[in-house]
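Please read this briefing with the sequence and the structure side by side.

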Amino acid sequence: MVLNTENNIIGNLVYSKPHYKMDSASTDLALVSHYLHNYRTGVCKFFKPHAMLALDRIMANELFLQNKDSIIDNMLKEIQGAPFPTPKNYSFTFIDLFAGIGGFRMAMQNLGGKCVFSSEWDKDAKKTYFANFGEVPFGDLTSEQTKGYIPDNFDLLCAGFPCQAFSIAGKRGGFEDTRGTLFFDLATIIKHKQPKAIFLENVKGLINHNGGKTLATIIHTLREDLNYFVPEPQVVNAKNFGVPQNRERIYIVAFRKDLGISEFVYPKALDKEPTFADVKEKSVVSTKYYLSTQYLQTLRAHKARHEKKGNGFGYEIISDDKCSNVIVVGGMGRERNLVLDDRIIDFTPVTKIKGVVNREGIRKMTPREWARLQGYPDNFIIPVADASAYKQFGNSVAVPAIQATGEQIINLLKK
């Protein structure tokens, strides 16, 4: 873990110093890290004036004994030591909005892309993003100040934006009707920056959200108000692209009309069907992931009550030869993806639990298993506590599915 140690300047500020604890209002570290990420490109000039002022503020709050040039040099070395750096010979540029922990970024860098701007408001997600990419995302995308830091002339806009209802009663369902929602901020950025292509991801429920009006307004805005070619959105399942997770998400792709692109084909599913065994921990996991007998009894009683009512709710155990259910935050997100693992050797509780550790080998999946279910490699750093890690991976995009669709987009842009 190169970047988040106390000996590293940016890592120290991100993880340790109270004044620079990550929050949506702080942009200094975002400015400096974006400047250094683009140090040898033309985008560097865009960030430099603000970054130098930000660096002055950082140095004023820290007892640095080095001069500014030395500080920049050391910070640059830290950023270049990130586990997932920009490809040396990148072939396109993109921005990463509502970035989470960087699923879109991972996929696009794998395809040879360079990220020139990132934005994410969640402070713990920012920590994970920084630990892996060496860049601190900007904060609140609804802020005009944040939008002002987005450079010009990037190729692709990527965003896994939240789903919000639009007020379109009696209206035509276009750009103006999206005001007050986060899609309005996306549309405003698209209008002003005119990227060649757009790649949006959302929950499958967007199709029927607000009686289908939400999706209709999004498509109308992109096609009619922003002048983009928008093929029909498609529901894509992560399990068809190399990860054993039944995760359906809607993808919306768009191309600027002056490019002359009038057809887009989503990628075909892979032949192989992965199973949980492909991502299961190879070693014995901590006892803390095993359920207590009392909690297991509660889950069984809960499931039995729902079965009597004819409902299918309740916990589920995923066998090694099966595909997991979708991993989600809250509700039964973890309990719907329990696994059998009889390799446990120590039944002494690690955390305070009611009852004793069950002898049936029933446990929750680990955060690393959730990371693998989303297609993150094992050298992806998880610098946060388990509760935050589950939330981050549950909210993430599935990297292989994004990458497969992204490849189709980039191929068209290169033509």
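This is a predicted model: local features need pLDDT of at least 70, side-chain atom pairs count only at pLDDT 80 or more; totals for chains, interfaces and linings use all residues.

Residues are numbered from 1 along each chain as its sequence is written, and side-chain values use heavy atoms, with hydrogens and water left out. The secondary structure of the chain comes to 13 helices and 10 strands, where helices (H or I, at least four residues) and strands (E, at least two) are DSSP runs numbered from the N terminus.

**The chain as a whole**

- Of the 415 residues of the chain, 54% count as buried; buried means under 20% relative accessible area, exposed means over 50%, and partly exposed lies in between (1.4 Å probe, protein chains only).
- Among contacts (heavy atoms within 4.5 Å) between residues at least 6 apart in sequence, 69% join residues at least 24 apart.

**Helix 10**

- Helix 10, which runs over residues 293-308, has 16 residues and reaches 23 Å from its first C-alpha to its last, close to the 22 Å expected at 1.5 Å a residue; the expected span is 1.5 Å times one less than the number of residues.
- The buried residues of helix 10 are L296, L299 and H306. They cover an arc of only 90° around the axis, which puts them on the same side of helix 10; the arc is that of the directions from the helix axis to the C-beta atoms.
- These buried residues of helix 10 pack against strand 9 (338-340) and strand 10 (362-364), whereas the face turned away from the buried side carries the exposed residues Q297 and K308.
- Just after helix 10, G310 takes a positive phi of about 85°.

- The largest pocket has a volume of about 770 Å³. On a 1 Å grid over the protein atoms alone, a pocket is an open set of points with protein on both sides within 12 Å along at least five of seven lines, and lining residues have an atom within 4 Å of a point.
- Of the 35 residues that line the largest pocket, the closest to its centre are F98, E120, G160, P162 and N395.
- The largest share of this lining, 4 residues, comes from helix 12. The buried residues of helix 12 are S388, A389, Y390, Q392, F393 and G394, and what covers them includes helix 6 (123-133), strand 10 and helix 11 (367-373).

**The second largest pocket**

- The second largest pocket has a volume of about 360 Å³.
- It is lined by 15 residues, of which H37, R40, Q80, T86 and K114 lie nearest its centre.
- Helix 4 gives the most to the lining of the second largest pocket, with 3 residues.

- Most residues other than glycine have a negative phi.
- F98 has a positive phi of about 50° although it is not a glycine; F98 is found in the loop between strand 1 (92-97) and helix 5, and at 17% relative accessibility F98 counts as buried.
- N227 has a positive phi of about 65° although it is not a glycine; N227 sits in the loop between helix 9 (213-225) and strand 5 (228-229), and N227 is partly exposed, with a relative accessible area of 44%.

Definitions and conventions
On a 1 Å grid over the protein atoms alone, a cavity is a set of points where a 1.4 Å probe fits but cannot get out, and a pocket is an open set with protein on both sides within 12 Å along at least five of seven lines; lining residues have an atom within 4 Å of a point. Grid points are joined across faces, edges and corners, and a volume is the space filled by probe spheres set on the points.
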